[in-house]
Amino acid sequence: MTTAHTATAATPATPATARLRSLVAEIRETVNRGLPPEPTAYMVAERLLPHLGRPDLLTEGQYEGDSAHYRQHVLHAEHDGSFSVVALVWLPGQSTPVHDHVSWCVTGVHRGEEHERRYRLVPQGMTARLVAAQDVVNPAGTVAAFAPPGDIHLVRNAGTGKAVSLHVYGADVVRLGTSVRRVYDLPADR
């Protein structure tokens, strides 16, 4: 296992639309309730869902991809570090490495679809192995919420068009530089 993750790096927040500002206010209200990570993630997912697919959520520039790897647009990082909102833009064939996260996470597919393989870490003698636990296709309008531990996965765009997803993390990805806690290079079911 390594902690390096070079596919994307967090950059300062980009301009927000009125809808995005509204979403951020809804997330802030939810996060400020001070609930444990798992219920917070589920409640944030409920807040994100009605905004997905709305044409006024992102600016034109926030749909821009990168031919080398998926692109991350930091949309908001809360001043107290309690959460961040990120848009990920995936061109066909782009994927993450197998990884987990530093905090709770909510994902919502805004356009296109994402394919996700979820893993379990299984002890194997003095080491461990990743075992594929579930394959999921997340079409536009789908949300998922999870909290560590048990959040190991790989995400990819297996389609022929661009995919865009919004991710809300319970951490400041600008300060940390990433939402990834660990990249796994253990033997894994592919």
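Analyst: Before the helices come up, a word on angles: axes are lines fitted to C-alpha atoms, for helices over the stretch in contact, and angles run from 0 to 180 degrees between N-to-C directions. Please also keep in mind that this is a predicted model.

User: Fine. At what angle do H1 and H2 pack, and how far apart are their axes?

Analyst: Helix H1, residues 18-31, packs with H2 at an angle of about 160°, and the two axes lie 9 Å apart. Angles over 145 degrees count as roughly antiparallel, and H1 and H2 are therefore roughly antiparallel to each other. Their crossing is right-handed.

User: Which residues of H1 and H2 make the contact?

Analyst: From H1 the contact involves Leu23, Glu26, Ile27, Glu29, Thr30 and Val31, while H2 contributes Thr40, Met43, Val44, Arg47 and Leu48. Sorted by class, that contact of H1 with H2 comprises six nonpolar, two polar and three charged residues.

User: Switching to the sheet, what is the strand order?

Analyst: The sheet is open and has five strands in the order E1-E2-E9-E4-E7, with antiparallel pairing. Strand E1 (71-77) and strand E7 (143-146) are at the edges and have a single partner strand each, so one side of each is left without a neighbour in the sheet. From one strand to the next, the twist averages 20°.

User: And how many bridges join E4 to E9?

Analyst: Six bridges join E4, residues 105-111, to E9, residues 163-169, and these two strands run antiparallel. Within this part of the sheet, Val109 stands opposite Ser165 in E9.

User: Which strands does H2 touch?

Analyst: Helix H2, residues 37-48, packs on the sheet and touches E4, E7 and E9, with its direction making about 20° with that of E4.

User: Zooming out, how many helices and strands does the protein have?

Analyst: There are three helices and 10 strands in the protein, and along the sequence they follow the pattern α-α-β-β-β-β-β-β-β-β-β-α-β.

User: What about the overall dimensions?

Analyst: The C-alpha atoms fill a box of roughly 55 × 40 × 25 Å along the principal axes. For 190 residues, a compact globule would have a radius of gyration near 16 Å, and the protein's value of 16 Å agrees with that.

Note on methods:
Residues numbered from 1 in each chain as written. Predicted model: local features only at pLDDT ≥ 70, side-chain atom pairs only at ≥ 80, totals over all residues. Heavy atoms only, no water. Pairing = 2+ DSSP bridges. Helix = DSSP H or I, 4+ residues; strand = E, 2+ residues; numbered from the N terminus. Contact = heavy atoms within 4.5 Å. Parallel < 35°, antiparallel > 145°, perpendicular 65-115°, else oblique. Left-handed = near helix turned anticlockwise from the far one by under 90°. Nonpolar A, V, L, I, M, F, W, Y, C, P; charged D, E, K, R; others polar. Rg over C-alpha atoms; globule rule 2.2 N^0.38 Å.
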